[in-house]
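Visitor: I would like a guided look at this structure. Please put it up, and I will ask as we go.

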Amino acid sequence: MNALQTAGTVAAGSTPVGPVLHVSDLVKSYGGPTVLKGVSFTAYAGVSLAVIGANGSGKSTLLKCLIRLTDPTSGRIEMLGQEVGTLNARALRRFRSRIGVVWQKHNLVPRISALSNVLHGVQSRLGGPQSWWHWAAPAPVRAEAMACLARVGLADKALQRVDSLSGGQQQRVAIARMLMQRPEIVLADEPDASLDPQSGEDVMRLLSDLARQDGLTLIVISHRLEHTLEFSDRIIGLAGGQITLDVATGKADAGQLRRFFDKPGEGTP
Amino acid sequence: MTASIPAPPRFQHRSLTEYLGIVVVIALVVTSIANTAPSLDSLQRGLVRLVAPSGFLAQMFPPDLSRVDHIAWKLLETLQMAVAGAALGLVFAVPFAILATDRLSPHPVIKFAARGLIAFFRTVPDLVWAIFFIIVVGLGPAAGVLALMIDKIGFAGRFFAEAMEEADTGPQDALRAIGASRMGIIFSAVFPACLPSFTATSLFALEKSVRGSAALGLVGAGGIGVDLKVAFDLFNYDEALTIILMMLILVVAVEQGSSWIRAKLI
């Protein structure tokens, strides 16, 4: 526990930090093999945490468990002061509205404009048709969506159909949608994975800069060593469903990390 | 010279069950034809009557155009019935389809019930629905519109549900993760993704509705069908031909128009 706190404090410099996420003994089994075998870690406010691990090590499952897109088999998750496992459907919706998620595949709605897609982020706090299409949205909401698009550098593409944009631009629209949510924590599942190296780096830099500007906690599943080292404050490594590495990025050894990017089965240190 | 390789057997060995299956199918086809198809003799006599100098075909030509304006008005009524029936059917098909879709239905029992109802609406022919609604609302176009509506709920409900089942789940999951409501997910993620498929289905429903509406008059549910029936009953075959030709023009026009719209939109 001390080691964890040290890592968090080091990363955030002199800013006082507190835990925003505490996971203890998280187990997830899909009936067959157990994917997560008692995962425990803590994340601190304003700290960028990279989760690394080989394919099949349980990274994505861990992320889905955090917002209960899949229910954990056992264990406890406390995020933003709430016991995630005990939330009922309504409370879970309210809770999810505070967590921004950026997916590996941008998961935007095709055939509609970039602006409408960004506007969907408001659905966490505003229901009804005014949050479905940009033309039906109240002026302040439209303005906020435009501001979010401007922050990712795509204000000029607002009315363009989102499926006509490049992969990198689509991922930036997805980030703008996440900003529209006004999240307190951002979870990102390999946001650079389906992009070419340059676009991937641009997206990671953008995400990292925005999180820093807004003081957001960022939890990124990362699959590129260089991005992990450049854009995180702390790194945890998953191997065989367990955390086998927890280190401040500044103190991490590239050779030690490299094992987590290898083929499945070779990631166990 | 290469060694001769024995050719494979011409026929594969089949099991007794397979032979039995073949015999049953042949028996079904033969008995069906024997019991229901016309005999050669009656076909021959019918053809003679058809082409005789004072026969059916001769009486049809030339088509009687004296009541073209009346027929045109009735045709317009038929088209209006078709449009009204299709529009109402499509509107009501959407909620039925949502309830019948795996990921969107609130409960498996509701999903099962919605699917059952859609299948029921689709299975019963629209002429039977027309007879049913004539009993409910009386003779006339209203019964026809209701019959077409029910038929289209069955038709479009199924295809709408299939389109929603096949829609990419990624955007839906993304909105669910944001904390969006079920309605929010349906309207902002599912419908836009399904729009091309919905449009195609709606246009097919309209075409089907136009073809169906022409026949509904035969049982008294409004539209041109009743004029066709009267023309046949009174042996006014030349007027019947006019009606058939004008119906043909309407159906072809609607089909062409709908293919044009489909090509433009999708």
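Visitor: Which residue in β4(A) stands opposite His22(A)?

Guide: This is a predicted model, so local features need pLDDT of at least 70, side-chain atom pairs count only at pLDDT 80 or more, and totals for chains, interfaces and linings use all residues. Residues are numbered from 1 along each chain as its sequence is written, while chains are lettered from A and ligands numbered from 1 in the order in which they are written. Strand β1 (residues 19-29) of chain A pairs with β4 (residues 74-79) of chain A in the antiparallel sense, over five bridges. In β4(A), the residue opposite His22(A) is Glu78(A).

Visitor: What is the strand order of the open sheet of four strands in chain A?

Guide: Strands are DSSP runs of E of at least two residues, helices are runs of H or I of at least four, and both are numbered from the N terminus. Two strands pair if DSSP finds at least two bridges between them. The edge strands, each pairing on one side only, are β2 (34-44) and β5 (82-83) of chain A. Pairing is antiparallel, and the order is β2-β1-β4-β5.

Visitor: At what angle does helix α2 of chain A run to β2(A)?

Guide: Axes are lines fitted to C-alpha atoms, for helices over the stretch in contact, and angles run from 0 to 180 degrees between N-to-C directions. Helix α2 (residues 59-66) of chain A lies across β1, β2 and β4 of chain A. Its angle to β2(A) is about 65°.

Visitor: What is the strand order of the open sheet of six strands in chain A?

Guide: The pairing in this sheet is mixed. Its edge strands are β6 (99-102) and β10 (242-248) of chain A, each pairing on one side only. The twist averages 15° from one strand to the next. The order is β6-β7-β8-β3-β9-β10.

Visitor: Which residue of β8(A) is the bridge partner of Leu49(A)?

Guide: Strands β3 (residues 48-53) and β8 (residues 217-221) of chain A run parallel and are joined by four bridges. The partner of Leu49(A) in β8(A) is Ile219(A).

Visitor: What angle does the direction of helix α7 of chain A make with that of β8(A)?

Guide: Helix α7 (residues 197-214) of chain A packs on the sheet. It touches β3, β6, β7 (185-189) and β8 of chain A. With the direction of β8(A), its own makes about 160°.

Visitor: How many of the five residues of β7(A) are buried?

Guide: A residue is buried if 20 or more other C-beta atoms lie within 10 Å of its own, exposed if 12 or fewer, and partly exposed in between, with C-beta atoms placed from the backbone. Ile185(A), Leu187(A) and Asp189(A) point one way, Val186(A) and Ala188(A) the other. β7(A) is largely enclosed by the rest of the structure, because the buried count is five of the five.

Visitor: Which residue of β8(A) stands opposite Ile185(A)?

Guide: β7(A) pairs in the parallel sense with β6(A) over four bridges. There, Ile185(A) is the bridge partner of Ile99(A). Five bridges join β7(A) to β8(A), also in parallel. In β8(A), Ile185(A) faces Thr217(A).

Visitor: How many residues does chain B give to the contact with chain A?

Guide: Contact means C-beta atoms, placed from the backbone, within 7 Å. Chain A gives 23 residues. On the chain B side, α8 (169-178) and α9 (182-216) are the elements that give two or more. Chain B gives 17.

Visitor: Is Gly184(B) buried or exposed?

Guide: Gly184(B) is found in α9 of chain B. It touches Gln123(A), Gly127(A), Ser131(A), Trp132(A) and Leu175(B), not counting residues up to four places away in sequence. With 23 other C-beta atoms within 10 Å, Gly184(B) is buried.

Visitor: How are α4(B) and α7(B) oriented to each other?

Guide: Helices α4 (residues 68-100) and α7 (residues 141-166) of chain B pack with their axes 5 Å apart, at about 40°. Angles under 35 degrees count as roughly parallel, over 145 as roughly antiparallel, 65 to 115 as roughly perpendicular and the rest as oblique. α4(B) and α7(B) are therefore oblique.

How values were computed: Two residues are in contact if their C-beta atoms, placed from the backbone, lie within 7 Å.
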